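Keep the structure open as you read.

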Amino acid sequence: RFGGDEFVVLQAPLKSLEQGEALAARILNTLGGTYDLDGHKVVVTASIGIAAAKTPLDPDQFLRNADLALYQAKSDGRGTWRWFETKMEANAQARRALEFDLRNAMEREAFELYYQPLFNLKTRRIETCEALLRWPHHERGMVSPAEFIPVAEEMGLIVEIGNQALYKACLECRRWPGEIAVAVNLSSIQFDRSNVPALVRETLAATNLAAPRLELEITESTLLQNTKRTRADLK
């Protein structure tokens, strides 16, 4: 037992890769299933990362390779196994660099907001501008939200980044003509880890923006998670 829910299996000698895959499949089939624990139904699954070596390898590096493969197995949907590949190490290093830069950007409030006007065809007027979060990186250039938003959510940084975006958007909206509103996207993580109604009240008060000029946009997944609390917050 290597950790809370992590276990290490040493298979030697390994005569073929198929032999390793057969063991992985047997472990998954044996562990997987529904168990009764004091009247509670518990579904158990597992994910496996496999590293193999033809020559002696540093034990720490050997375990690290297996762990990188395990991370890949989890990323691919869990309940499966993956072999270690050298590109996984490069991907892990790139991920760590992205996380480091992302944290620095949050602390420096380096994210920018771009505004996409929403045009009403009936009134032929711009009624709302949607705030779009952008990250200008000193080396990468403009980093795509599709790349950094999921990482920020996994790290929990999206709460602070979202708070910053809400404040900046409300402050900017104050400079626009009075009839134009601003729309700000909220992550489902913000609903899970912060008091959204209090955040909105405090931000509106701090920026002196009239409440009707702020629109909040959420994803469908937000409503599907902790529905009762989310709907109460939205109300």
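This is a predicted model: local features need pLDDT of at least 70, side-chain atom pairs count only at pLDDT 80 or more; totals for chains, interfaces and linings use all residues.

Residues are numbered from 1 along each chain as its sequence is written, and side-chain values use heavy atoms, with hydrogens and water left out.

Helices (H or I, at least four residues) and strands (E, at least two) are DSSP runs, numbered from the N terminus. Start in the segment before helix 1 (17-31), where Pro13 is found. A cis peptide bond joins Ala12 to Pro13, with omega about -5 degrees.

Next come two non-glycine residues with positive phi. Asp38 has phi near 50 degrees. Asp38 sits in the loop between strand 1 (33-37) and strand 2 (40-44). Its relative accessible area is 78%, so Asp38 is exposed. Glu109 has phi of about 55 degrees. Glu109 lies in the loop from helix 3 (86-108) to strand 5 (112-120). At 45% relative accessible area, Glu109 is partly exposed. The cut-offs: buried is under 20% relative accessible area, exposed is over 50%, and partly exposed is in between (1.4 Å probe, protein chains only).

Now turn to helix 2. It has 17 residues, 59-75, and at 1.5 Å a residue should span 24 Å. The expected span is 1.5 Å times one less than the number of residues. The end C-alpha atoms of helix 2 are 24 Å apart, which agrees. Its buried residues are Asn65, Ala66, Leu68, Ala69, Leu70 and Ala73. Their cover includes strand 3 (48-50), strand 4 (81-83) and helix 3. After helix 2 comes Gly77, with a positive phi near 120 degrees.

Where do the nonpolar residues gather? A nonpolar core is a set of buried Ala, Val, Leu, Ile, Met, Phe, Trp, Tyr and Cys residues joined through side-chain atoms within 4.5 Å. The largest has 37 residues, and Leu102, Phe111, Trp135, Val182 and Leu214 have the most contacts inside it. Elements giving two or more residues to this core include helix 3, strand 6 (125-137), helix 4 (145-155) and strand 8 (181-185). Helix 5 provides the largest share, eight residues.

Look closely at Trp135. Contact means heavy atoms within 4.5 Å. Leaving out residues up to four places away in sequence, Trp135 touches Leu98, Asp101, Leu102, Ala105, Phe111, Gly141, Met142, Val143 and Phe148. A second, separate core has six residues, among them Leu28, Ala46, Ile48 and Ile50.
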